[in-house]
Amino acid sequence: MIVLDFLSRPWAWYVAGPLIGLFVPALLLLGNKQFGFSSNLRHLCAACLPSSAEYFRYDWRRTGGWNLPFLLGTLLGRLVGGRLLGPSAVALSARAHADLTALGVHDFSGLAPAELFSWAALLTFRGLVTVVLGGFLVGFGTAYAGGCTSGHAISGLADFQPPSLVAVLGFFAGGLVATHLLLPLLF
């Protein structure tokens, strides 16, 4: 029962952070693998949609076979965690709540605001821009940068890779521009 109690509450940053941090050197030491999540989409496409495109012609089993079970475990962990933790609102600071309310977000009952992330919202101009165009730009940026935020920020920086530092600075700069310049134009 103690384990269930421990798993049924969110973990503090000072517990979860070091665990993620220790995962990176363990991967490097045990199999010279780098942690990253976005590469799973490429591995899935190479496995499920054999193509004549050069980008998908590689040995995905050797390169990313270990990472696909990690993806599956993450999805299953989300399902189990969602059942144990139950539906609850995300804890926001008063300032974040006020800023989102000023942008027209009023429903804070779930993990993501329904005004932004629902089928009805997707069929609006604002929904198309934020979800479809935003998703495209994230996907393009991930491919262009050679990895996602988790790959660069966790693995790349831990491995002292200068391109990862540039990518992470770009991610943060892009987030600041989107938050302070683009979002106010859409809302």
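1. Contact, as the word is used in this note, means heavy atoms within 4.5 Å. The model under review is predicted. With that cut-off, and not counting residues up to four places away in sequence, Tyr58 touches Arg42, His43, Ala46 and Thr63.

2. Overall composition. The secondary structure of the protein chain amounts to 10 helices and 0 strands. Read from the N terminus, the order of elements is accordingly α-α-α-α-α-α-α-α-α-α. Along the principal axes, the C-alpha atoms occupy a box of roughly 50 × 50 × 35 Å.

3. Burial and contact range. The protein chain has 187 residues, of which 16% count as buried. Among contacts in the chain with a separation of 6 or more, 44% are between residues 24 or more positions apart.

4. Surroundings of Tyr58. Tyr58 lies in the loop between α3 (39–48) and α4 (60–64). From C-alpha to C-alpha, Tyr58 and Ala47 are 9.7 Å apart in space, and 11 residues separate them in sequence. The side chains of Tyr58 and His43 are joined by a polar contact of 2.6 Å.

5. Surroundings of His43. The partner of Tyr58 in that polar contact belongs to helix α3. Is His43 buried or exposed? Its relative accessible area is 5%, which is under the 20% limit, so His43 is buried. Leaving aside residues up to four places away in sequence, His43 touches Tyr58, Trp60, Thr63, Gly64 and Leu68.

6. Thr142. This residue is found in helix α8. Thr142 has a relative accessible area of 17% and is therefore buried. With residues up to four places away in sequence not counted, Thr142 touches Ser38, Gly147 and Cys148.

7. Packing of α8 with α10. How do the axes of these two helices cross? Helix α8 (residues 125–145) and helix α10 (residues 162–186) have axes that come within 13 Å and cross at roughly 165°. Angles over 145 degrees count as roughly antiparallel, and α8 and α10 are therefore roughly antiparallel to each other. Their crossing is right-handed. On the α8 side, the contact is made by Phe125, Arg126, Val129, Thr130 and Ala145, and on the α10 side by Ala167, Phe171 and Leu186. By class, the residues of this contact are 6 nonpolar, 1 polar and 1 charged.

8. Packing of α9 with α10. The axes of helix α9 (residues 149–158) and α10 are 9 Å apart, and the two helices pack at an angle of about 140°. That angle makes α9 oblique to α10. The crossing of α9 and α10 is left-handed. From α9, Thr149, His152, Ala153, Gly156 and Leu157 meet Ser164, Leu165, Ala167, Val168 and Phe171 of α10. This contact has 6 nonpolar and 4 polar residues, and no charged residues.

9. Residues of α10 in both contacts. Ala167 and Phe171 are listed in the contact of α10 with α8, and Ala167 and Phe171 are also listed in the contact of α10 with α9.

Key
Residues are numbered from 1 along each chain as its sequence is written. This is a predicted model: local features need pLDDT of at least 70, side-chain atom pairs count only at pLDDT 80 or more; totals for chains, interfaces and linings use all residues. Side-chain values use heavy atoms; hydrogens and water are left out. Axes are lines fitted to C-alpha atoms, for helices over the stretch in contact, and angles run from 0 to 180 degrees between N-to-C directions. Helices (H or I, at least four residues) and strands (E, at least two) are DSSP runs, numbered from the N terminus. Angles under 35 degrees count as roughly parallel, over 145 as roughly antiparallel, 65 to 115 as roughly perpendicular and the rest as oblique. A crossing is left-handed if the near helix is turned anticlockwise from the far one by less than a right angle, and right-handed if clockwise. Ala, Val, Leu, Ile, Met, Phe, Trp, Tyr, Cys and Pro count as nonpolar, Asp, Glu, Lys and Arg as charged, and the others, Gly among them, as polar. A polar contact is a pair of N or O atoms within 3.5 Å; within protein, one must be able to donate a hydrogen and the other to accept it, and residues adjacent in sequence count only if both atoms are side-chain atoms. Buried means under 20% relative accessible area, exposed over 50%, partly exposed in between (1.4 Å probe, protein chains only).
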